[in-house]
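Biologist: Please take a close look at one part of this model, the part I ask about below.

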Amino acid sequence: MSAAIPNDDVLRGPTILAAIKRSGIETIVSVPDIVTSEGLLRLVRSDQDIRHVPLCKEDEGISICTALSYCGQRSLLMMQQTGMYDSVNSIRAIAVGYGHPVCMLIGLQG
């Protein structure tokens, strides 16, 4: 039986990154933001096992993650919920339209 993770440790960067790596994610695609930059993205950028692709716009990440899925690679798109709202058309047209999964980690702004 595995030990339970303390509640105060669940949403910390090292715990999240460890779970991402256990899931087989090879690439993390993200738009830098103030909420995740210090706690998680700094760890991602310095981790040798994960490729990090920084973006300017969230909808670019949909295309990149869909292409990686097409090539059989597991990726994760990290963004805030406002970026997800801006990406709905890309999600529908590209990810859903071509039937390739896009795993997203969406943070709540504020």
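How do the residues of the lining of the largest pocket divide into nonpolar, polar and charged?

Modeller: The model is predicted, so local features need pLDDT of at least 70 and side-chain atom pairs pLDDT 80 or more, while totals for chains, interfaces and linings use all residues. Residues are numbered from 1 along each chain as its sequence is written, and side-chain values use heavy atoms, without hydrogens and water.

The lining divides into 11 nonpolar, five polar and two charged residues (Asp, Glu, Lys and Arg count as charged; Ala, Val, Leu, Ile, Met, Phe, Trp, Tyr, Cys and Pro as nonpolar; the others, Gly among them, as polar). In total, 18 residues line this pocket (an open set of points on a 1 Å grid over the protein atoms alone, with protein on both sides within 12 Å along at least five of seven lines; lining residues have an atom within 4 Å of a point). Nearest the centre of the pocket lie Leu11, Ile16, Val35, Thr36 and Leu40.

At least two lining residues come from each of helix H1 (13–22), H2, E3 and E4 (DSSP runs: helices of at least four residues, H or I, and strands of at least two, E, numbered from the N terminus).

E3 and E4 also belong to an open sheet of four strands, ordered E2-E1-E3-E4 with parallel pairing (strands pair if DSSP finds at least two bridges between them). E2 (51–54) and E4 (103–107) are at the edges and have a single partner strand each, so one side of each lacks a neighbour in the sheet. E3 (residues 75–80) pairs with E1 (residues 27–30) over four bridges, in the parallel sense. Leu77 in E3 is the bridge partner of Val29.

Methods:
1 Å grid on protein atoms, 1.4 Å probe; cavity = no way out; pocket = protein on both sides within 12 Å on 5 of 7 lines; lining within 4 Å.
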